[in-house]
Amino acid sequence: MLIPNSCNGSNISNRKLLRTATLTAAAPLALSARSLAATNAAARNEHVGQRGFEKNQNFLESARDAALRIETRAHELDERGVYWLPESDPVEKAVAGLARNGIFSATADTVLFLIQLANATGEGHYLKTASLGADYLVATWRELVDKPEKGLLSGQSSNLSLYGGLAGVAYVLNEAGKATSKKKYCEAARTATDYIVRAAKAVGMGLAWSEAPGISGDGSIVLYLLYAAREFECALYGITAERAGDHILEIANSDRFGGFSWRGFPAFPGLPMDAYLPAFEDATAGIVYVFARLYSETNQTRFLFAANQGALHLQRVTTSSSKGELISHPLSDLPDLYYVGFCHGPAGTARAFFELYKITREPVYQMWAERMAQKALQFDTPGNPTPGCWSVVCQCCGSPAVIDLFVEMWAFTKRLDYLATAQCAASHLVNQETNSNVTRARKVQTRASADPQEESSVTDQFAGAPGVGSAFLRLHLAINGKYSSVCFPDNGMAKAW
């Protein structure tokens, strides 16, 4: 049984919701289109200065640096290809609890980055290395479900997900198949996808794989299945994604002040049992993004209603200032901790609002995305370290996610101020000094972002070189008029416009 389009009989139309509840929540900001444009211009002038928009800065070289770091860290596995570990440098050990063939654990994400670099440069050695990594994924993908690792990103909650599990591997294998014309990769991706669909369980009014509806869990599987439905022309994949969306909708928590929220993941070790993480990776913001994508693919208005309601909740839990919006990290003993990147920072929450803007064209959503993005820039400026942002050079919590956000906003709007801002953020990242004697190919970042003293240099997508290199590469292509992107399904640039 599916939830009706009116959402259990509610007579509130989506258009009315957009123009009343959402706008009411935004009303205290009182930003007109003119003042918003002035704010953007000021930000551009502040960060780009008098130099204007420069096309000759070599961000491709920075992407190559990241690839050099990666290629020197490959491990061979007999005749079955090569793999990478989420290694910590200088301490040579794998990060505990991460399988070695997922997105959040070095191999799958590395393959995708090298495919992007091969596409951009035409250099065959990148694609050859990517193919060896894909060989390893074909040989080992069943280990994710037959013998899952023990740890944070493992077990029932995520071994089928995009980040820590099979959905991410299947996505990379299909993209590898398209890039190399090797059918075995696409066939393995199709087999893995069938496994994911069969693993879904009937729960309530829909389907689920785990008790984690957030984008770290079932929400990411929904995104992958929407992609797979198009790629493999399989209606069953889309239907499964839709039914999983129905279950996520039915477990929404209603805020008495308006809006929906979701507790997207069981409490992490070390967090209070009642800790609520509203931002992108683990709860409401990511689920808003999932519902926006579901509506875009299915045209079912119940999903747009859910996305609108989730956005309303996010607006109500932000901390407003004259220059932007923030959602704090839920560590009770660190109430002023604000991350920058996509996991718990404005770069991720802005991604959800901008996705809503793309499907509704409602200026209020663009405004919220911009204000969050601008706050990320304020936190991530040289000489202004803030809690959650020290030397966080990674997609998960830091600067590369900010670069990607502004490139996405440029790609959709073609506004050069967005691209100039992305360029400036990337310039800061290239020139950033660290406390360790490392090259750009071994950029230091803070993995445990609540502790600025705990630094490392790692090789996985969200905390290491592939994510950094991908951000530099996409910006390089955008600046030089050759923009194309192969992104994971949780990234707004993954969808062709």
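**Cysteines**

I looked up Cys424 and found that this residue counts as buried, because its relative accessibility is 5%, where buried means under 20% relative accessible area, exposed over 50% and partly exposed in between, with a 1.4 Å probe and protein chains only. Cys487 counts as buried too, at 4% relative accessibility. With a disulfide taken as a pair of cysteine sulfur atoms within 2.5 Å, my count came to zero disulfides.

I note that this is a predicted model, in which local features need pLDDT of at least 70 and side-chain atom pairs count only at pLDDT 80 or more, while totals for chains, interfaces and linings use all residues. Residues are numbered from 1 along each chain as its sequence is written, and side-chain values use heavy atoms, with hydrogens and water left out.

**Overall make-up**

I took helices (H or I, at least four residues) and strands (E, at least two) as DSSP runs numbered from the N terminus, and on that basis the protein comes to 17 helices and 12 strands. Of its 497 residues, 62% count as buried. For contacts, meaning heavy atoms within 4.5 Å, I noted that residues 24 or more positions apart account for 68% of those with a separation of 6 or more.

**Helix H3**

At the N-terminal end of H3 I found Asn58 as a cap, with a side-chain oxygen 3.3 Å from the backbone nitrogen of Leu60.

I then searched the whole structure for aromatic pairs and got 18, where rings of Phe, Tyr and Trp (its six-membered ring) pair if their centres lie within 6.5 Å, and planes under 30 degrees apart count as stacked, over 60 as edge-to-face and the rest as tilted. The pair Phe291 and Phe303 is stacked, because the ring centres are 5.9 Å apart and the planes are at 20°. Phe291 lies in helix H11 and Phe303 in helix H12, so this pair ties together parts that are 12 residues apart in sequence. Both Phe291 and Phe303 are buried. Phe353 and Trp368 form another stacked pair, at 5.6 Å centre to centre and 25° between the planes; Phe353 lies in helix H13 (residues 346-360) and Trp368 in helix H14 (residues 363-379), so the pair ties together parts that are 15 residues apart in sequence. Phe353 and Trp368 are both buried. I also listed one aromatic cluster made of Phe260, Trp262, Phe291, Phe303 and Phe305.

**Charges over rings**

My rule was that a charge sits over a ring if NZ of Lys or CZ of Arg is within 6 Å of the ring centre and within 35 degrees of the ring normal. Arg302 lies over the face of Phe303, 4.5 Å from the ring centre, and the charged end of Arg415 sits over the ring of Tyr418, 4.3 Å from its centre.

**Asp490**

I found Asp490 in the segment after H17, where this residue is buried with a relative accessible area of 4%. Its side chain makes a polar contact with the side chain of Tyr163 at 2.6 Å; a polar contact is a pair of N or O atoms within 3.5 Å, where within protein one must be able to donate a hydrogen and the other to accept it, and residues adjacent in sequence count only if both atoms are side-chain atoms. Leaving aside neighbours within four places in sequence, the residues in contact with Asp490 include Leu162, Ile215, Phe280 and Arg351.

**Positive phi in loops**

Most residues other than glycine have a negative phi. Glu233 has a positive phi near 50° and is placed in the loop between helix H9 (218-231) and helix H10 (235-250), where Glu233 is exposed with a relative accessible area of 74%. Lys414, also not a glycine, has a positive phi of about 65°; Lys414 sits in the loop between helix H15 (399-413) and H16 and is exposed at 51% relative accessible area.
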